[in-house]
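Here are a few friendly notes to read alongside the model. Please keep the structure open as you go through the points.

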Amino acid sequence: MIERRHAAWMAAPSVAILAGVAIVPVFAAIWLSLHRSIVIFHDQRFVGLANFRFLLSDGRFWSALGTTIHFTVVAVAAEIALGLAVALVLRRGGGLLRAAVILPWAIPTAVSARMWAWLFNADYGLLHRLAPAVDWLGSPATALYAAILVDVWKTTPFVALILLAGLSSIPESVYEAALVDGASAPRTFFGITLPLLKPALLVALLFRSLDAFRVFDAIYVLTEGGPANSTETLSIYAYKTLMRSGDFGYGSTLSVATFACALVIGLSFVRWLGRER
Amino acid sequence: MMPGMRAIGLLALASLACARTAPRDASEVVFRHQPLWGDPAPFHAMLDRFRRENPDVRVRDETMPNASDMAREMFLTTLDGGGTELDLFAIDVVWAPEFARAGWLADLSAAFPADRLRDAYLPGAIDAVTLGGRVYAVPWYLDVGLLYYRTDLVPRAPRTYDELSQFARAAMQRDPGLSGFLWQGRQYEGLDCNVFESIWGHGGDLVRGGGIALDTPAARTGLAWLREAIATGLSPRSVLSSAEEETRRAFQDGRAVFLRNWPYVWAEAQNEGSPIRGRIGFAPLPTVTGEPGHGTLGGWQLAVNARSPPMRRRAAERLAAFLTSPDAAVELALRYSRIPARRAVYDDPRVREGAPFIAALLPIAAAARPRPVTPYYALASDSIQGELSAAVAGLRPPADALSRAQAIVDHLQENR
């Protein structure tokens, strides 16, 4: 009994900090999302679910949601595939190689996005020189893929590191047994490596999906959501509504909707992970 | 449950206490602004002069990040929360009506009467800070859209759109590596400025009955002209992803005939080492009729926090008067190349001698037009940008884009 008391006291500071920086703001945002609160009108009025009703009929929200899902699915799939390949290579590589691979992850996103914006620049960007017919950031058809490329470049090392940790936890003896039984390399990969790597894969998938779904900085620096809102994700729409338009009520509604989606993604992955154990 | 609640309460108290750690006496004025580009010493010397002349006022000078979006974010959160940690602050020209409508800006009409300002300042600058006849901010320095051209590639500055396109095409024929006309077509506030200028150049007006009017014949031809510029190759497709710096670099590298941009480009392009040094001219934007066009008005204004207690408010007004005085404007023009909002400063011998480019800008600055001066502009601008971007990118015909933008604007304006 006394020990449990102690435990509660020990945990209290972290609970308080969590409550202060995460839980209270989340509930404050939910509370604000039930209000009409536009700075220029200088009013704050409780409107119940009116903002959410508007959300359902707001074409820009659905298109931002579609863009976000598109971005998340393509970027995370590419990151997992590439990260796995990199991890398999790194397993045999030395410390220097591992340090080199982590470099993109160490650069702040805003900085790397700015760097990529110059690479994409349609006048003298390097990528433009290589493929002059593609107007990376100026065309609604390619701008989102440009953003995906930047995200993949930046976060593949992160995925690779998680998968590398997963790989090193697979005992060497399993591979030796496969070798003795005469299993081919693909057979070993699909029969041993992948199944045993599954928990690490799921962790990488969870982290990356949640991050990609809330993507903001890379796209904001590259295109600010343009052209024609073709790269506008939920976070960007919410930011613009909150800070540019000064519509705190509907902006909070958008944030709450983003939060709800991220929560659903997170919970389903966690349940999936739990079943795997 | 109870200890948890108490912890939250303590935390809240602690954060409140933090906000109040710096006690301020009644006459300390906090002045918050973005950094003036360049060496801060002359500006600090200016503030020291104010301190010497006003020993009863203490001035705390606070610099904000040099990014308009971040400054706006800070103002929205601070002022909406009723914060009094700033008294005098510099705001972007399009925020004045919005912040005034929100009740955040002190009415300065007593200290700065509208008719007196109108006599001394350029008309656009005063239009932008008055709402319903009341003055809510004092113009500090301004910015205006203008046309740069290469004196070695074209005979003279074009007066009409046809001339611009003719001159550009002739130069492009001689040198196929050249771009014709560069402007800012990325989806951001700068796109609005470019489109508005084209609408004004095609004889349009953006305000009707106090509201924003976008679905007009002149707006359709103005927007269509920009779209056509891209479709016909007069402007490269790269303008669709360009903001100011991208176009300035391309022009400065000598790869374009014409550039629409702000006055800062002049100093950069005339710098030693600039490939086009001595080979550029500037002019008002073209129009359909050949009359000098109107550039979009930009720049920063000084506003006083409506929540500041009376003593600090009066001190803030004195500081604003000092910073916007003719002498201060001359200093800002000479040391920081800031474009004066006061008419007389352009004729000041010191400016004519030390900053001839600024002195020569007077006709362009005098013709500058503000974006629609309505509290709804910021609210509407974001949606307008999306539609204008769709039109210049060729996703939607200009007429469709404008009627969609108008529908959004009308919805916002009805919602008042």
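1. B:S337 counts as partly exposed because its relative accessibility is 46%; here buried means under 20% relative accessible area, exposed over 50% and partly exposed in between, with a 1.4 Å probe and protein chains only. B:S337 lies in the loop between α13 (326-336) and β14 (339-340) of chain B. Helices (H or I, at least four residues) and strands (E, at least two) are DSSP runs numbered from the N terminus. The phi of B:S337 is near 55°, a positive value in a residue other than glycine. Most residues other than glycine have a negative phi, and most peptide bonds are trans.

2. A word on the source: this is a predicted model, in which local features need pLDDT of at least 70 and side-chain atom pairs count only at pLDDT 80 or more, while totals for chains, interfaces and linings use all residues. Residues are numbered from 1 along each chain as its sequence is written, chains are lettered from A and ligands numbered from 1 in the order in which they are written, and side-chain values use heavy atoms, with hydrogens and water left out.

3. Chain A has a loop worth a look, between α10 (217-222) and α11 (234-244), and A:P227 sits in it. The peptide bond from A:G226 to A:P227 is cis, with omega near -10°. A:A228 is in the loop between α10 and α11 too, and has a positive phi of about 55° although it is not a glycine. With 13% relative accessibility, A:A228 counts as buried.

4. Back in chain B, where is B:A306 found? Its place is the loop between β13 (297-304) and α12 (310-323). B:A306 counts as partly exposed, because its relative accessibility is 24%. Beyond its neighbours within four places in sequence, B:A306 is in contact (heavy atoms within 4.5 Å) with B:G103, B:W104, B:L105, B:A106 and B:R313. The C-alpha atoms of B:A306 and B:R318, twelve residues apart along the chain, are separated by 15 Å.

5. Chain B as a whole holds 18 helices and 14 strands. Buried residues make up 57% of chain B. Of the contacts in chain B with a separation of 6 or more, 74% join residues 24 or more positions apart.

6. Chain A has twelve helices and two strands. Reading from the N terminus, its elements run α-β-β-α-α-α-α-α-α-α-α-α-α-α. The C-alpha atoms of chain A fill a box of roughly 75 × 70 × 30 Å along the principal axes, and 48% of its 277 residues are buried.

7. How many residues does each chain bring to the contact? Chain B gives 40 residues and chain A gives 42 residues. About 3400 Å² is buried between the two chains, with carbon and sulfur atoms giving 53% of that area. B:R186, B:Q187 and B:D382 supply 17% of the area that chain B buries against chain A, more than any other three residues. Buried area is the accessible area (1.4 Å probe) that two parts lose on being put together, summed over both.
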